[in-house]
Amino acid sequence: MGINLNVIYGVMIPFIGTSLGAFCVYFMKKDLSKGVERMLSGFAAGVMVAASIWSLLIPAMEESSGMGRLAFMPAVIGFWIGIGFLLLMDHVIPHMHASTNEVEGPKSSLSKTTMLVLAVTLHNIPEGMAVGVVFAGWMTGNSGISFGGALALSLGIAIQNFPEGAIISMPLYSAGSSRHRAFRNGVLSGVVEPIGAILTIIFAQALTPILPYMLSFAAGAMLYVVVEELIPEMSEGEHSHSGVLMFAVGFSIMMTLDVALG
């Protein structure tokens, strides 16, 4: 089964969101404040948690309904494999988050700019896989996943990618990169999403029986990012109410998109 144009457009939407966010570097004069970063991290976390539940874990269990009371098993197994995969990537890829100067992963001589981009790229891997596996589920025709549901996930990821694009490009500019270089690196951090999505679609189409495991794998990987990275960032500082409220906003938007379109 080939990949039609609607799917190509669908998997490109999150990448466009990242690129538009990175473009903010051309008209914003200074770095984002800690308060704004806290709110954006909370929003992204809310979107990803809702997407993990409604777009990935619930469809994974529905896809396994033939197993009766054990329908939860593929979701649980895939979920833990996703957690383990991101934990492994966290330890083998040198990277650095904008909110700290500490290098995570193995020691490396890479520049700070490169490690900042790698941190966001690592974050984007599960998002690309999530979009890819949901579109693959729709393409199989018997998974119960609608095109609207797949598009809802793609739009939700794109919405939260917009602030992420700004979060990576603005600190790079503040650290001394030119606006053009900061924009380029912000865009490059999002390239992994459509690439990961297309590869996941090809793999999932070839191995349709493991679709429930792949859906929950993506959910586990996304929730690892939320708990390990986004929740600490949205809770940083004495007053984290804004981060919590934006988490609720992101969760509500993604839930609404999935239920309304799916």
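In which loop is the place of glycine 176? Glycine 176 sits in the loop between helices α5 and α6 (179-206). The model is predicted, so that local features need pLDDT of at least 70 and side-chain atom pairs count only at pLDDT 80 or more, while totals for chains, interfaces and linings use all residues. Residues are numbered from 1 along each chain as its sequence is written, and side-chain values use heavy atoms, with hydrogens and water left out.

Helices are named here as DSSP runs (H or I, at least four residues), numbered from the N terminus. Glycine 176 follows α5 and has a positive phi, near 120°. Its relative accessibility is 64%, and glycine 176 therefore counts as exposed; the term exposed means over 50% relative accessible area, buried means under 20%, and partly exposed lies in between (1.4 Å probe, protein chains only).

Helix α5 itself covers residues 147-174. Its 28 residues should span 40 Å at 1.5 Å a residue, and the 41 Å between its end C-alpha atoms agrees with this. The expected span is 1.5 Å times one less than the number of residues. Because 21 of its 28 residues are buried, α5 is largely enclosed by the rest of the structure. A kink of about 30° lies at asparagine 161, shortly before proline 163; such a bend is the angle between axes fitted to the seven residues ending at a residue and the seven starting there. Proline 163 belongs to α5 and, at 9% relative accessibility, counts as buried. The C-alpha atoms of proline 163 and glycine 17 are separated by 8.4 Å, although these residues are 146 residues apart along the chain.

Helix α1 has 18 residues and reaches 26 Å from its first C-alpha to its last, close to the 26 Å expected. It bends by about 30° at isoleucine 13, and proline 14 follows within four residues.

The interior may be considered next. A nonpolar core is a set of buried Ala, Val, Leu, Ile, Met, Phe, Trp, Tyr and Cys residues joined through side-chain atoms within 4.5 Å. In the largest such core, of 49 residues, Leu56, Val133, Val134, Leu153 and Leu215 touch the most other members. Helices α1 (5-22), α2, α3, α4 (112-140), α5, α6, α7 (211-234) and α8 (241-261) each supply at least two residues of this core. The largest share, 13 residues, comes from α7. Helix α7 is mostly covered, with 19 of its 24 residues buried, and it bends by about 35° at valine 226.

Helix α4 contains isoleucine 125, which counts as buried at 19% relative accessibility. Isoleucine 125 and proline 194 are 69 residues apart in sequence but 9.5 Å apart in space, C-alpha to C-alpha.

Helix α3 (residues 73-92) provides the largest share of the patch, 5 residues. Methionine 67 lies in the loop between α2 (34-63) and α3 and is partly exposed, with a relative accessible area of 39%. Glycine 176 and methionine 73 are 49 Å apart in space, C-alpha to C-alpha, and 103 residues apart in sequence.
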